[in-house]
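Please look over the sequence and the model before reading on.

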Amino acid sequence: MKLSKKAKIFLFCSLLSIPPLWISSYLMVQNEVNKNVREYVKNNLVTIMKEQEEKLGIKHFGIPRIEYKKDIVTASYDRLTDIICLPTKFTVTQENSLTNKLSNALTFNSSNEIKKDLDHELGHYYVDKLNQSLGLGDWPNYYSITDEQMLSNRTIGEGIAQYFMIKMNNLPDTFTVIWPKTIDSYTESFCYGGGYKLVKPILDKYGKKGIECLIKNPINKEELTNLNKYQNRILRILETN
């Protein structure tokens, strides 16, 4: 989408370093970005899901609801409502537009990329709906579970979602894995990058069958500090079935 004439005027004034107009220009660009995000998702969501099905060997269970919020900085999926919530601030589409370039400039190239956000959250959506299709309810289930079980769910869930995002966007694997030796060694970053490393060889070889095996067989307390053991256990289960 092109910037409106009014937005261009404000932008021009901002380049003259007039502080009040710089603020107005900033807000105007964000408003344009908000419109771009909604239009991009409306026009591309179904296509993105079909591409996931073809490349990952899965079949989605319907289409999730999408909501947009200005007061969040990261996307999320709510397993109870089946809603993917997307940020509209500092978010760019894949188009090579002036709006996207300005958003990246204003955030020093740290804007959210909506395609990557969608691929990741659709991973969460797929796992949840797959679990439901097996008659096992929402996934993950956070009710009446131990801290170790929650950590297992987090590592497997974010690992699968990262796999969706990295695979669908042909991203380089830049995470250097150091398997935790203690429960306290787990970090939010590890649950994403380490989770991806954990599930990758399983999903590369077994796809949907691998995802199903992972969510049916969580990491036990002992394996949380020996993830190679868990990974090998899942591969053995899949090899013998």
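Axes are lines fitted to C-alpha atoms, for helices over the stretch in contact, with angles from 0 to 180 degrees between N-to-C directions. Helices (H or I, at least four residues) are DSSP runs numbered from the N terminus. The model is predicted: local features need pLDDT of at least 70, side-chain atom pairs count only at pLDDT 80 or more, and totals for chains, interfaces and linings use all residues. Residues are numbered from 1 along each chain as its sequence is written, and side-chain values use heavy atoms, leaving out hydrogens and water.

**Helices α4 and α6**

The axes of α4 (residues 114–133) and α6 (residues 188–216) come within 13 Å and cross at roughly 45°.

| Helix | Residues in the contact |
|---|---|
| α4 | H120, Y126, V127, L130, N131 |
| α6 | Y192, K208, I211, E212, I215 |

**Cores and a buried residue**

A nonpolar core is a set of buried Ala, Val, Leu, Ile, Met, Phe, Trp, Tyr and Cys residues joined through side-chain atoms within 4.5 Å; buried means under 20% relative accessible area with a 1.4 Å probe, protein chains only. The largest nonpolar core has 35 residues, of which I160, L203, I211 and L214 touch the most other members. Helix α6 gives the most to this core, with twelve residues.

In helix α7 (residues 227–239) sits Q231, which counts as buried at 12% relative accessibility. Leaving aside residues up to four places away in sequence, Q231 touches K197, L198, P201 and I202.

Note on methods: Helices (H or I, at least four residues) and strands (E, at least two) are DSSP runs, numbered from the N terminus. Contact means heavy atoms within 4.5 Å. Buried means under 20% relative accessible area, exposed over 50%, partly exposed in between (1.4 Å probe, protein chains only).
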